[in-house]
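Please look over the chain and the model before reading on.

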Amino acid sequence: MNKQGLLNNSTVDPNKILPMRYLWARQHYKNGVANNWTPEEISMQKDIEQWKSNKVLSETERHMILWNLGFFSTAESLTANNLVLAVYRHVTNPECRQYLLRQAYEEAVHTDTFIYCCDSLGLDPDEIFNMYETIPTIKAKDDFVVKLTTSLFDPTFETNTLENIQKFLHDLVGYYVIMEGIFFYAGFAMMLALRRQGKMTGIGEQFEYIMRDESIHLAFGCDLINTIKAENPEIWTQAFQDELVGLIKQAAILEKQYAFDACPQGVLGINAEQFCNYVEYIVDRRLERIDLPKQYGKENPFPWMSQATDLNKEKNFFETRVTEYQTAGSLDWE
Ligand code: FE
Ligand code: MN
């Protein structure tokens, strides 16, 4: 077993961050800091007026907004709890832990965003924050990632065998690749499409900031996965790869079902089928990031999604860092 690795099967002192071994973890930390934001910086005044008016939003659009608020309001807490209660204990490398602390804070900011949205629009918090129990397509997504990760919540679980390192990878694939990398993206596309029509632009801007944070979380997660693979090559068997591809394909089905449910007739000139193509396009990108074969071969139907992260406040940051950064790890602003 690797003695200088990321996981707690190594002999690394978790309190001694310098000298650093994984510079990509440091770079993700800095990228996160450069995208610092809070939801209260973004005015909800126009959103409140549009939400209260019966002339601006169609019933379909309202349904789609509620479904996305419902999904994200609890998905952020699920992710945060997994980070703190499952991932943090096993990733003992100090610069990776420094990033995990930053990410946990960002998940708190995201949860705060949905508190702020509920408060300012006057939504029923019980309805929104219960949707992960009451709406089957939301529940299916959450249950799927939770099921992938249950063994890690056993207090005696350690990453000291090949089988357990594979189980740990299930957790990382479940939360970083599937939850943050796939299950968030139909919702991002819907809310940013709405914003492009000048509707609910405050929430749209908040979703855009969240999406930037999430692209960094995803990039960190993929570097974590790829490093664990490199340090423990015996775990990366063909059978294990096939299993992960199977899980990710199941996740794609769940995300497409969610997209249909959140906007059954399509909205904003976009039909549900385009959202499905987008999901398949995103899934291929995620597979490639962790060296698994792509499955769908779809074109990106929403090229504006990849530009969304270049706009606004941190324009210079994103323009100047991306190239320099790519030598240290992988980055995907989508
Ligand atoms: Fe988040
Ligand atoms: Mn996240």
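Is Trp37 buried or exposed? Trp37 is buried, with a relative accessible area of 3%. Buried means under 20% relative accessible area, exposed means over 50%, and partly exposed lies in between (1.4 Å probe, protein chains only).

**Basis and confidence**

This is a predicted model, in which local features need pLDDT of at least 70, side-chain atom pairs count only at pLDDT 80 or more, and totals for chains, interfaces and linings use all residues. Residues are numbered from 1 along each chain as its sequence is written, chains are lettered from A and ligands numbered from 1 in the order in which they are written, and side-chain values use heavy atoms, with hydrogens and water left out.

The pLDDT is the predictor's confidence in each residue, from 0 to 100. Its mean over the protein is 89. Of the residues, 90% reach 70 or more. Confidence is highest in helix H2 (residues 45-52), at a mean of 98. It is lowest in helix H14 (residues 315-326), at 39. Across residues 311-334 the pLDDT is below 50, although this stretch has 58 contacts in the model beyond near neighbours in sequence. Contact means heavy atoms within 4.5 Å. Where pLDDT is low, the predicted coordinates should not be read in detail. Helices (H or I, at least four residues) and strands (E, at least two) are DSSP runs, numbered from the N terminus.

**The two metal ions**

Donors are N, O and S atoms within 2.8 Å of the metal (3.2 Å for Na, K and Ca); water is not among the atoms, so sites may look incomplete.

| Metal ion | Protein donors | Distance |
|---|---|---|
| iron ion (ligand 1) | Glu76 (OE), Glu107 (OE), His110 (ND1), Glu214 (OE) | 1.8 to 2.1 Å |
| manganese ion (ligand 2) | Glu107 (OE), Glu180 (OE), Glu214 (OE), His217 (ND1) | 1.7 to 2.1 Å |

Glu107 bridges the iron ion (ligand 1) and the manganese ion (ligand 2), which lie 3.1 Å apart. Glu76 sits in helix H3 (residues 59-90) and Glu107 in helix H4 (residues 94-121), so this pair ties together parts that are 31 residues apart in sequence.

Why is the arrangement around the iron ion (ligand 1) tetrahedral? Its four donor atoms subtend angles of 86 to 133°, which makes it so. Four donors count as tetrahedral if all angles lie between 85 and 135 degrees. The ideal angle for four tetrahedral donors is 109.5 degrees.

Along the chain, the donors of the iron ion (ligand 1) follow the spacing E-x30-E-x2-H-x103-E. For the manganese ion (ligand 2), the spacing is E-x72-E-x33-E-x2-H. Glu214 and His217 are three residues apart in helix H10 (residues 201-231), so about one helical turn separates them. Glu76 is buried, with a relative accessible area of 0%. The value is 0% for Glu107, for Glu214 and for His217.

**Around Trp37**

Trp37 is found in the loop between H1 and H2. Its side chain makes a polar contact with the side chain of Asp213, at 2.8 Å. A polar contact is a pair of N or O atoms within 3.5 Å; within protein, one must be able to donate a hydrogen and the other to accept it, and residues adjacent in sequence count only if both atoms are side-chain atoms.

The largest nonpolar core has 109 residues. Such a core is a set of buried Ala, Val, Leu, Ile, Met, Phe, Trp, Tyr and Cys residues joined through side-chain atoms within 4.5 Å. Those with the most contacts inside it are Ile178, Phe183, Leu224, Ile228 and Ile248. Beyond four places in sequence, Ile248 is in contact with residues including Val173, Ile178 and Leu292.

Glu255 lies in helix H11 (residues 238-262). Glu255 is buried, at 0% relative accessible area. Not counting residues up to four places away in sequence, Glu255 touches Lys141, Phe183 and Val279, among others.

**Backbone points**

Most residues other than glycine have a negative phi, and most peptide bonds are trans. The bond from Leu18 to Pro19 is cis, with omega near -5°. Pro19 lies in the segment before helix H1 (23-34). Met200 has a positive phi, near 50°, and lies in the loop between helix H9 (185-196) and H10. Met200 is buried, at 0%. Asp291 also has a positive phi, near 60°.

Key:
Four donors count as tetrahedral if all angles lie between 85 and 135 degrees; four count as square planar and six as octahedral if opposite donors are over 155 degrees apart and all others between 65 and 115; anything else is irregular.
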